[in-house]
Amino acid sequence: MTDEILDQCEIRMERAVKSLGKEFGLVRAGRANPALLEKIDVDYYGVQTPINQVSNISAPEARLLVIQPWDKSILGEIEKAILKSDLGLIPNNDGNIIRISIPQLTEERRKKLVKLVRKMTEDSRVAVRNIRREANDELRNSEKSGDISQDESRRLQDEVQNLTDKYIEKINEVLATKEEEIMEV
């Protein structure tokens, strides 16, 4: 039972770190990354479909995305969807593929992006701390109900704290990497 609490705690904390990594993938850092377009839906014969389900997206160069639709008749729809998105990207349609040149970020924009990723990071830290609190509550309830001793409860709460420290550190490492990527010229 108590091992189950620790296992669930660790699984949920790992998920919080992975989720932060995915969110960071959507933050444009001046580099071409196919994940930038992940949230864009294209009108594909009347159905809103994720862009990566109707085309192949690649980054052949550091500042270039290439979108190659499987059905060339939707090139215009893909172009419209990219223009409507809040990414501020300008697609270049040549009739076969769409090229998107990723512009260099300004210093002001870089600072705003760093603020944004720091806020995302703090949200992840809060999520990890909430997981810790829930695990500790479960351990205290087990102690009150007599399922585990007070010493066992304290030992397990220390283990939960160690897990929390470990995952907060992982989150800080992910942040440091992303900040470095954003501030890179």
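A residue counts as buried under 20% relative accessible area, as exposed over 50% and as partly exposed in between (1.4 Å probe, protein chains only). These legends describe a predicted model, in which local features need pLDDT of at least 70, side-chain atom pairs count only at pLDDT 80 or more, and totals for chains, interfaces and linings use all residues. Residues are numbered from 1 along each chain as its sequence is written, and side-chain values use heavy atoms, with hydrogens and water left out.

**Figure 1. Overall dimensions and secondary structure of the protein.** Of the 185 residues, 39% are buried. Four helices and six strands make up the secondary structure, in the sequence order α-β-β-β-β-α-β-β-α-α. Helices (H or I, at least four residues) and strands (E, at least two) are DSSP runs, numbered from the N terminus. The C-alpha trace spans about 70 × 40 × 25 Å along its principal axes. The radius of gyration is 22 Å, whereas a compact globule of 185 residues would have a value near 16 Å; this radius is taken over C-alpha atoms, and the globule rule is 2.2 Å times the number of residues to the power 0.38.

**Figure 2. Surface, charge and contacts of the protein.** Accessible areas come from the Shrake-Rupley method with a 1.4 Å probe, and for residues only the protein chains shown count as cover. There are 30 positive and 35 negative side chains, and the centres of the two sets lie 6 Å apart. Lys and Arg count as positive and Asp and Glu as negative, without His and the chain ends; each charge is placed at NZ of Lys, CZ of Arg, CG of Asp or CD of Glu. Among contacts (heavy atoms within 4.5 Å) between residues at least 6 apart in sequence, 63% join residues at least 24 apart.

**Figure 3. The hairpin of β1 and β2, with Tyr45.** Strands β1 (residues 41-44) and β2 (residues 47-50) pair in the antiparallel sense over four bridges; two strands pair if DSSP finds at least two bridges between them. Asp43 has Gln48 of β2 as its bridge partner. Two residues separate the strands of this hairpin, and Tyr45 lies in the loop between them. Its phi is near 55°, a positive value in a residue other than glycine. Most residues other than glycine have a negative phi. Tyr45 counts as exposed because its relative accessibility is 61%.

**Figure 4. Strand β4 and its partners β3 and β6.** Five of the six residues of β4 (residues 64-69) are buried, and the strand is mostly covered. With β3 (residues 55-61), β4 pairs in the antiparallel sense over five bridges, and a hairpin joins the two through two residues. Ser55 stands opposite Pro69 in β4. The pairing of β4 with β6 (residues 98-101) is likewise antiparallel, over four bridges, and Ile67 has Ile98 of β6 as its bridge partner.

**Figure 5. Helix α4, with Gln157 and Arg154.** Gln157 lies in helix α4 (residues 150-183) and is buried because its relative accessible area is 14%. Beyond residues up to four places away in sequence, Gln157 touches Asn136, Leu139 and Arg140. Arg154 is also found in α4; a relative accessible area of 41% makes this residue partly exposed. The C-alpha atoms of Arg154 and Val174 are separated by 30 Å, and these residues are 20 residues apart along the chain.
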